[in-house]
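Me: I'm new to this one and would like a close look at a single part. Could you walk me through the biggest enclosed space inside it, and then what sits around it?

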Amino acid sequence: MQNTLQRGSIKDLVRGHSTISARMKVLPVSLSLVSLVALCLGERLTFTDHRVYRLEPKTEAQLEGLRPLEAINERVIFLNELHLGAFNVLISPSYNEEFLQLLQRLKLAPELLDANAQESLSLDIEPVADANRRSDDYSWTEYHELNDTHRWMQQLVEKNQVIVTTFVAGRSYEGRELLGLRISHSAGVERQAIFLEAGMHAREWISPATATYFANQLLSSQQPEIQSLARSYVWYILPHANPDGYVYTHSTNRLWRKTRSPQEKNCMGSDPNRNWGFHWREVGASDEPCSESYAGPKAFSEPETESLSQYLMSLPEPVFMYVSLHSFSQLLLYPYGHTSALPENHRQLERIFSAALGGMKRRFGTRYTGGNVYDAIYPAAGSSMDWAYGVLKTKYSFTYELRPSGYSFWTGFRLPASQIIPTGQETTDSLVEMIKAAASIEGYKLQ
């Protein structure tokens, strides 16, 4: 999710990282042909001469005029939610002229952000760890493939056998495990749980990277506050809630967002964060199978969301807090997405929200905004956070939209690897303050 627009250039974001990746083979053809080549040869999609525009529909008529474009995702990719207000869209060269004619009819004035998307996507700012290197070399100076993170988690169990175990919250459509870490210092002692989920949207790589960074802090930090939090709760950390999609972003399409299940109209995937069974598809989600925000044919149609929801319902401990990590926009959000009506405990949520934002800016001055989803960004029903609040009855449920801010850069999903550690540090600071504030409200003394 994203919200406010801010000016900037990709060069500002990467701070001089302008090396063109030699790993990406550029093909001067339309996206539909590129897709065919990629599927047949296992190569990465490229977006040569694809243009990125910023649009800002102000009327329902303009919005509805754009909605049919969701069905032609081989020529149009909405990089942000289709809603009233500003968002970015990627257009194939074969459709550009027709697209501009449509905008003229709708009286929409586009802003060209990028005349060749591939040049920005090829900037070598996201180094990925060598899959063949030793698992004990896992670090947060580079991004990791799924199997690499799974090996690292298994190694944590070997090193911390009394404290750490892995859990499997289900399997994906393609059969991959939803593998997570359970961290508990209190065997035989009743504790509440905190569940942190990441990677729901496949292209948001900073989300699982921040989840693993935080898990490592719980196990290795020497800071008394972090050690206290680690001992006070049973922690469940799921770095990859959409493993198929994440693998696909590494192998084929860096901009992929959804799951990888086959849908009608020969389209693939559903938006897993619109697929949860709480006010499913009431608002802010699409019934178009090719849409980036397709909610699925029914609630919990995706094995990833269905099995994760069942796992959450089966936990032996009461879930004190649910946290979902996404990117980008620098936002902290709380329920609801389906209505502007505020949650019953909204004053408590606002107090925790303020504490968390204070923690976020303490180290680097990073500023977050936010509030309830419906008003802070746009209507969006069927999220994991709202389900956790409304069905699981976890009254402290939040979603982070991590770095960078707003629409500063249309490639914001590709946060430079040099920002993984700073993002992890400030998010840890924020989570510490968030949990302390919630514990204080409950009168719970941290260990």
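Reply: Helix α7 (residues 206–220) gives the largest share of the lining of the largest cavity, three residues. Bear in mind that this is a predicted model. The cavity itself has a volume of about 80 Å³, and its lining includes Pro208, Ala209 and Thr212, along with Tyr138, Trp140, Tyr143, His144 and His240. Sorted by class, the lining residues come out as seven nonpolar, four polar and one charged. Glu142 is among the residues in that lining.

Ile420 also lines the largest cavity, and that takes us to helix α14, which covers residues 420–442. Is α14 mostly covered or mostly open? Mostly covered, with 17 of its 23 residues buried. Its length checks out too: at 1.5 Å a residue, α14 should span 33 Å, and its end C-alpha atoms are 33 Å apart, so the two agree. Just after α14 comes Gly443, with a positive phi of about 70°.

Notes
Residues numbered from 1 in each chain as written. Predicted model: local features only at pLDDT ≥ 70, side-chain atom pairs only at ≥ 80, totals over all residues. Heavy atoms only, no water. Helix = DSSP H or I, 4+ residues; strand = E, 2+ residues; numbered from the N terminus. Expected span 1.5 Å × (residues − 1). Buried < 20%, exposed > 50% of the residue type's maximum accessible area, 1.4 Å probe, protein only. 1 Å grid on protein atoms, 1.4 Å probe; cavity = no way out; pocket = protein on both sides within 12 Å on 5 of 7 lines; lining within 4 Å. Points joined across faces, edges and corners; volume = space filled by probe spheres on them. Nonpolar A, V, L, I, M, F, W, Y, C, P; charged D, E, K, R; others polar.
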